[in-house]
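I open this notebook to record what I looked up in one structure. The entries follow the order in which I consulted it.

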Amino acid sequence: METEERKRLAGIEACKWVRDGMSLGLGTGSTVSHTVVEIGRMISEGSISVVGVPTSLATRELAMSVGIPLVTLSEVGVLDLVIDGTDEFDPGFSLIKGGGGALTREKMIAQSSNAMIVVADDRKRVDVLGKFHLPVEVLQFEWEATRGLLSALCPGTVSIRGGERPFLTDNGGYILDCNFGESITDPKSLESEILSIAGVVEVGLFCDMCDVVILAGEGGVESIIKEGGRLG
Ligand code: 5RP
């Protein structure tokens, strides 16, 4: 099975957790975009009525194009469920996110959700986080100084996404990609250390947020449910 087909299967499988009347966080990326399109299809056939909060401008556009009514976090307060993609997940359900640069909005929406489902293909499953560069959103202001402070924590390179023409996030920030290698054994304490640096807006480590990973691999799709999680 091709990677694209795996993404599609995982993305669609997540919709089995969607119930009529829910408020949903709508994640960002190529896998969860299949979820967004499927939710739009379910709305158009009349099987559910839901509202969504998008985690990026790109998802906002996609959701609108498939007819998902959008609201803001301040209108709904707490969301029933967020469905999002990931760049890596470890056995403790900690994640590295931000490959698409939307980590700050994604985390804001995840922290305001009663549960989180992640959709992924099996390349994203790791024993230890960090092979995928860890994205950190920073302010443009004096970003090189912020990079210096991040470099003191990171054993590998810290590079600005986009190089000489930096990638701009939806919030007007830059992304610094930190190459930790497969060394992030304590993601929670690394998250706190990085967040203590002034100039850092958010870091793409998501700890104690994900309840279910829907994983598509060679053998089909499996749902890995976190023991003691909110959907267990
Ligand atoms: C965007 C993200 C994405 O969810 C993550 O990069 C996975 O994307 P894809 O499904 O395209 O591999 O965190 O900021």
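**Basis.** I note that this is a predicted model, in which local features need pLDDT of at least 70, side-chain atom pairs count only at pLDDT 80 or more, and totals for chains, interfaces and linings use all residues. Residues are numbered from 1 along each chain as its sequence is written, and side-chain values use heavy atoms, with hydrogens and water left out.

**Helix H2.** I looked up helix H2, which spans residues 32–44 and has 13 residues. Helices (H or I, at least four residues) and strands (E, at least two) are DSSP runs, numbered from the N terminus. From first C-alpha to last, H2 reaches 19 Å, close to the 18 Å expected at 1.5 Å a residue; that expected span is 1.5 Å times one less than the number of residues. I then listed its buried residues: Val32, Thr35, Val36, Glu38, Ile39, Gly40 and Met42. Buried means under 20% relative accessible area, exposed over 50%, and partly exposed in between (1.4 Å probe, protein chains only). These buried residues pack against helix H1, strand S1, helix H3, strand S3 and S6. After H2 comes Gly46, with a positive phi near 85°.

**Ser113.** I found Ser113 in the loop between helix H5 and strand S6. Ser113 counts as buried because its relative accessibility is 5%. Its side chain reaches the backbone oxygen of Ile109 at 2.7 Å. Neighbours within four places in sequence aside, Ser113 is in contact (heavy atoms within 4.5 Å) with Leu79, Leu81, Val82 and Arg230.

**Salt bridges.** I searched the whole structure and recorded 15 salt bridges, each a side-chain nitrogen of Lys or Arg within 4 Å of a carboxyl oxygen of Asp or Glu. In one of them, Arg230 pairs with Asp211, the closest N and O atoms being 2.8 Å apart. This pair links distant parts of the chain, 19 residues apart. Arg230 is partly exposed at 42% relative accessible area, whereas Asp211 is buried at 4%.

Arg6 and Asp122 form another, with closest N and O atoms 2.9 Å apart. Arg6 lies in helix H1 and Asp122 in the loop between S6 and S7, so the pair ties together parts 116 residues apart in sequence. Arg6, Asp122 and Glu218 are linked in a network of salt bridges.

**Surface.** Which residues form a nonpolar patch on the surface? I noted Leu139, Phe141 and Val201. Phe141 counts as exposed, at 65% relative accessibility.

Methods: Polar contact = N/O pair within 3.5 Å; in protein donor to acceptor, adjacent residues only side chain to side chain. Patch = residues over 30% accessible without salt bridge, like charges linked within 9 Å, V, L, I, M, F, W, Y side chains within 5 Å. Areas by Shrake-Rupley, 256 points an atom, 1.4 Å probe, with all protein chains shown as cover.
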